[in-house]
Amino acid sequence: MSEAIKVPTMAEYMAQGKKPEVLFWVGCAGSFDDRAKKITKAFVKLLNKANIDFAVLGTEESCTGDPAKRAGNEFLFQMQAMTNIEVLNGYEIKKIVTACPHCFNTIKNEYPGLGGTYEVVHHTQFLKSLVEEGRLKIEGGKFKGKRITFHDPCYLGRANGEYEAPRELLRKLEVELIEMKRCKTRGLCCGAGGAQMFKEPETGDKDINVERTEEALEIAPKIIAAGCPFCNTMLTDGVKAKHAEDNVQVLDVAEMIANAEDL
């Protein structure tokens, strides 16, 4: 039985008259999807290891509204957003970290217009800052020298211009970082954005996640690193579709750091 992971809620903090350094926004995937829960746990272990004073909203957190907005239901998006903003402002939240680029993009860029302005960082950016401040040490461990490629999530990369944070963390793990032919500003979408995650693919020659996975497999990595729970699902499905799961793993950057440390 592994030791219980410590995850305090904002309500508990408020009851003690305390404020956390940062609010961890878990997101729907990180809360409900069995695969993404592992990313949540890995990130929490890293926060605890670095002695970060953090809290989650728990049952007070609701979907950011990203899928509703992208699917064209602006009304539902605004309802979901306003509910969240009321809760966040009620707790006087200043800084938010999330492992989901969709939550990151929506809270960072779309909540200010509805009265919710916060400093929002992606978990790879946050981990990078912890390393730079000396609060977290990353060593190669079991990934040292392994061929690894990083798939850029659309909402972290092209939408918000962050390409270096995840790669810098991977370099700290002393991996052999190799790039797919379409990467960074030219990166190809995994196919899950815009609420596509929740519907069947339309008729065509090939699913986009299979196309993206083929690009990764071309360069023969041991691990496809991701920074988004949606990308993780799509690439995992792609690897299965190509019957390559015995040779290639899909892991979030946070999981890799936690695994390297055997947390």
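**Helices, a cavity and a crossover**

Let me begin with helix α9, whose buried residues pack against β5 (147-150), β7 (223-226) and α10 (229-241). Please keep in mind throughout that what we are looking at is a predicted model. Helix α9 itself covers residues 208-218, and its buried residues are N209, V210, R212, T213, E215 and A216. If you follow the chain just past the end of α9, you come to A220, which takes a positive phi of about 50 degrees.

Strand β7 pairs with strand β8, residues 249-252, in the parallel sense, and the pairing runs over four bridges. Between these two strands the chain crosses from β7 through α10 to β8, and this β-α-β crossover is right-handed. To find the pairing on the screen, look for A225, which stands opposite L251 in β8.

Now let us turn to another helix, α7, which spans residues 123-132. How much of α7 is buried? Seven of its 10 residues are, and therefore α7 is largely enclosed by the rest of the structure. Those buried residues are H123, T124, F126, L127, S129, L130 and V131.

The structure holds one cavity of 30 Å³ or more, and about 50 Å³ of space lies in the largest cavity. Which residues line the largest cavity? They are V26, G30, A36, I39, T40, A99, C100 and P229, and they divide into six nonpolar, two polar and no charged residues. Helix α3, residues 34-49, gives the largest share of this lining, with three residues.

Is G27 buried or exposed? With a relative accessible area of 4%, G27 is buried, because buried here means under 20%. Leaving aside residues up to four places away in sequence, G27 touches E61 and C103. The C-alpha atoms of G27 and C63 are separated by 6.4 Å, although these two residues are 36 residues apart along the chain.

Note on methods:
Residues are numbered from 1 along each chain as its sequence is written. This is a predicted model: local features need pLDDT of at least 70, side-chain atom pairs count only at pLDDT 80 or more; totals for chains, interfaces and linings use all residues. Side-chain values use heavy atoms; hydrogens and water are left out. Buried means under 20% relative accessible area, exposed over 50%, partly exposed in between (1.4 Å probe, protein chains only). On a 1 Å grid over the protein atoms alone, a cavity is a set of points where a 1.4 Å probe fits but cannot get out, and a pocket is an open set with protein on both sides within 12 Å along at least five of seven lines; lining residues have an atom within 4 Å of a point. Grid points are joined across faces, edges and corners, and a volume is the space filled by probe spheres set on the points. Ala, Val, Leu, Ile, Met, Phe, Trp, Tyr, Cys and Pro count as nonpolar, Asp, Glu, Lys and Arg as charged, and the others, Gly among them, as polar. Contact means heavy atoms within 4.5 Å. Two strands pair if DSSP finds at least two bridges between them. A crossover is right-handed if, with the strands pointing away from the viewer, the path from the first strand over the helix to the second runs clockwise.
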